[in-house]
Amino acid sequence: MNKKIIFLPFYLFTFSLFFACQSKTEMQPALQPTDTVAVKPAKTPSQQQALNYSTASKGKIEAVREIPVFSRLAEQIVMFGIEKTGQHVKKGQVVARLSDATLREKILHSRAKLEKAEFQYQAILMGQGYKHDHLDAAPEKIKQLARINSGYNEAKAELHELEHQLSYCVITAPVSGAVSQIKNTLYGAALPGEALFYIVDTEHLKVSFDVLENELAKYQMGASLSVSTVAYPAELHSATVSAISPVIDGNGMVHIEATLAPHPHLMPGMTAFITIVK
């Protein structure tokens with residue numbers, strides 16, 4: 001009786017151990033795939049963006065030119081179509097009008113002066129024996145001398161100049177672009193040589209950046225580049241290397257410029273990231 005009591009726990013322990021090993025053997029194949037497959041964490045957009053920026057050159061988008069819009073006359077501005085900085089205008093668009101009252105009065109006086117000179121011209125020819133209906137029969141040298149003595153040439157040139165100046169009262173945009181600086185306003189005094197405002201030519205843009213001397217060989221004239229901006233990082237814009245500085249600065253950097261196709265989301269002053277298109 002005592003031997004049976006002693007071996008009973010031993011039998012129970014052996015049976016439990018066998019059952020545990022069997023369970024482990026059955027579960028092992030199910031766990032096998034998870035031990036061999038490595039799962040890589042997905043990169044967030046910010047991580048990918050930081051990676052792109054770290055491998056690109058940093059630069060600035062610039063306008064190729066900023067054009068001042070001048071008045072050729074000293075007159076009062078009676079219409080001013082520029083309301084705010086950043087306003088877009090198109091080439092040939094009327095952006096301002098000047099008062100033409102004084103100029104039109106001068107034209108009236110000039111026409112009267114020309115009429116008087118023309119009458120004097122005819123009188124000179126008739127005084128030399130040519131009939132009123134046949135003044136064209138006079139030799140060209142005689143007619144030229146009569147025009148000079150009568151003041152006809154001078155009066156005609158004066159009228160032509162005043163009529164030409166009348167066209168200056170309408171000021172149009174010389175290029176398409178965005179207004180960058182406003183220097184005058186409605187009913188202000190326009191003066192020759194003083195800009196009314198400036199236009200940034202947004203149809204001709206470039207991206208400027210610096211590269212290390214040992215990277216210069218990658219950036220040849222005409223090389224294709226890919227440009228992105230901080231504001232629109234998902235957009236890639238094409239650019240072409242158009243200028244390379246012939247001088248390496250004290251920090252071992254070379255300045256490069258590339259022409260950039262215009263786009264509504266591109267504007268001067270934007271931070272850009274540039275990479276070579278292989």
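## Burial and overall composition

Of the 278 residues in the protein chain, 29% are buried, where buried denotes under 20% relative accessible area, exposed over 50%, and partly exposed in between (1.4 Å probe, protein chains only). The model is predicted: local features need pLDDT of at least 70, side-chain atom pairs count only at pLDDT 80 or more, and totals for chains, interfaces and linings use all residues. Residues are numbered from 1 along each chain as its sequence is written, and side-chain values use heavy atoms, with hydrogens and water left out.

The chain exposes about 18,700 Å², of which carbon and sulfur atoms supply 58%; accessible areas come from the Shrake-Rupley method with a 1.4 Å probe, and for residues only the protein chains shown count as cover. A contact requires heavy atoms within 4.5 Å. Among contacts between residues at least 6 apart in sequence, 72% join residues at least 24 apart.

## The barrel

Six strands close into a barrel in the order β1-β10-β13-β12-β11-β14, with antiparallel pairing. From one strand to the next the twist averages 40°; axes are lines fitted to C-alpha atoms, for helices over the stretch in contact, and angles run from 0 to 180 degrees between N-to-C directions. Two strands count as paired if DSSP finds at least two bridges between them. Strands β11 (residues 224-229) and β12 (residues 237-248) run antiparallel and are joined by four bridges. Within this pair, L225 has A239 of β12 as its bridge partner.

Strand β10 (residues 205-212) contains S208, a buried residue with a relative accessible area of 5%. The S208 side chain makes a polar contact with the side chain of E62 at 3.3 Å. Such a contact is a pair of N or O atoms within 3.5 Å; within protein, one must be able to donate a hydrogen and the other to accept it, and residues adjacent in sequence count only if both atoms are side-chain atoms. Not counting residues up to four places away in sequence, S208 touches G59, K60, E62, H255, I256 and E257.

## The open sheet

A further four strands form an open sheet in the order β2-β9-β7-β4, again with antiparallel pairing. Its edge strands are β2 and β4, each of which pairs on one side only. Strand β4 (residues 88-89) pairs with β7 over two bridges, and H88 has A178 of β7 as its bridge partner. Strands β7 and β9 are antiparallel and share four bridges; here I182 stands opposite F197 of β9.

## Nonpolar cores

The largest nonpolar core has 34 residues, and L196 and F197 have the most contacts inside it. A nonpolar core is a set of buried Ala, Val, Leu, Ile, Met, Phe, Trp, Tyr and Cys residues joined through side-chain atoms within 4.5 Å. At least two residues of this core come from each of β2 (66-70), β3 (75-80), β5 (94-98), α3 (101-127), α5 (152-166) and β9 (195-200). Helix α3 gives the most, with seven residues. Apart from this core lies another of 19 residues, among them A239, L260, L266 and I274.

Leaving aside neighbours within four places in sequence, L196 is in contact with V69, S71, I77, F80, A96, I171, I182, K183, N184 and A190.

G188 is found in the loop between β7 (177-182) and β8 (189-190) and is buried, with a relative accessible area of 12%. G188 and M79 are 109 residues apart in sequence, with a C-alpha to C-alpha separation of 9.8 Å. Beyond neighbours within four places in sequence, G188 is in contact with E75, Q76 and I77.

R97, in strand β5, is partly exposed, with a relative accessible area of 38%. The C-alpha atoms of R97 and S167 are separated by 9.9 Å, the two residues being 70 apart along the chain. With neighbours within four places in sequence left aside, R97 is in contact with Q76, I77, V78, M79, C169 and V170.
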